[in-house]
Amino acid sequence: MLQELSHMDRITQLQDEIQQLLTIMASTIVYLTSRANFVQLNGSEIPITKQRNPEKFDEPEAFEANKKELVTDLMVKAKQVEYLIQSLPEPEPEEEQEKRLRALDEEMTLANQEYIQAVARSKDLHSQISSVLRLMLEETDSGLVTSTK
């Protein structure tokens, strides 16, 4: 059971890391599309028809430094995700899973039978206690009736 919890912890951690990776990727795309300036790529074949205001884009040096930092962040997070994937256990063979599930089903059936027996026993005890209390109350009531006469 403890080993299963450890596997589930790894899976949860992997889910968290993938979520963080996706967040970094989305932030990177937002940054690259919103803070880049339009530049001429191949000579004069395709002219630049639009310019951004200077406060809306980063200087080329800062933009390159930020791109490198974003790539580094992506690579580190991707390596963390890869490491977590590698640390996951091998899948259990189907035959083993079937045996384990059958054993759990047998345990559950036995526990359910024990529960039904316990409920029946508690009902029986409840009825016995109720009978004794009724008998005691009847004796008390009959004793009071005779003493008041």
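Is E92 buried, partly exposed or exposed? E92 is partly exposed, because its relative accessible area is 29%, where buried means under 20% relative accessible area, exposed over 50%, and partly exposed in between, with a 1.4 Å probe and protein chains only.

Before going on, the ground rules. This is a predicted model, so local features need pLDDT of at least 70 and side-chain atom pairs count only at pLDDT 80 or more, while totals for chains, interfaces and linings use all residues. Residues are numbered from 1 along each chain as its sequence is written, and side-chain values use heavy atoms, with hydrogens and water left out.

Back to E92. It lies in the loop between α2 (60-87) and α3 (94-148); helices here are DSSP runs of H or I with at least four residues, strands are runs of E with at least two, and numbering starts from the N terminus. Leaving aside residues up to four places away in sequence, E92 touches Q97 and R100, a contact being heavy atoms within 4.5 Å. With R100 there is also a salt bridge between the side chains, 3.0 Å from N to O. The term means a side-chain nitrogen of Lys or Arg within 4 Å of a carboxyl oxygen of Asp or Glu. R100 is partly exposed, at 35% relative accessibility.

The search of the whole structure finds five salt bridges. One of them joins the side chains of E17 and K77, at 2.8 Å from N to O. That pair links distant parts of the chain, with E17 in helix α1 and K77 in helix α2, 60 residues apart. Both E17 and K77 are buried.

Another is K67 with E64, where the closest N and O atoms are 2.9 Å apart. These two both lie in helix α2, three residues apart, about one turn of the helix. K67 is partly exposed at 29%, and E64 is partly exposed at 38%.

Next, the rings. The whole structure has one aromatic pair: Y31 and F63, stacked, 5.6 Å centre to centre with 20° between the planes. Rings of Phe, Tyr and Trp (its six-membered ring) pair if their centres lie within 6.5 Å; planes under 30 degrees apart count as stacked, over 60 as edge-to-face, the rest as tilted. Y31 lies in helix α1 (residues 2-34) and F63 in helix α2, so the pair ties together parts 32 residues apart in sequence. Y31 is buried at 16%, and F63 is buried at 13%.

Finally, the whole chain. It has three helices and zero strands, and 10% of its 149 residues count as buried.
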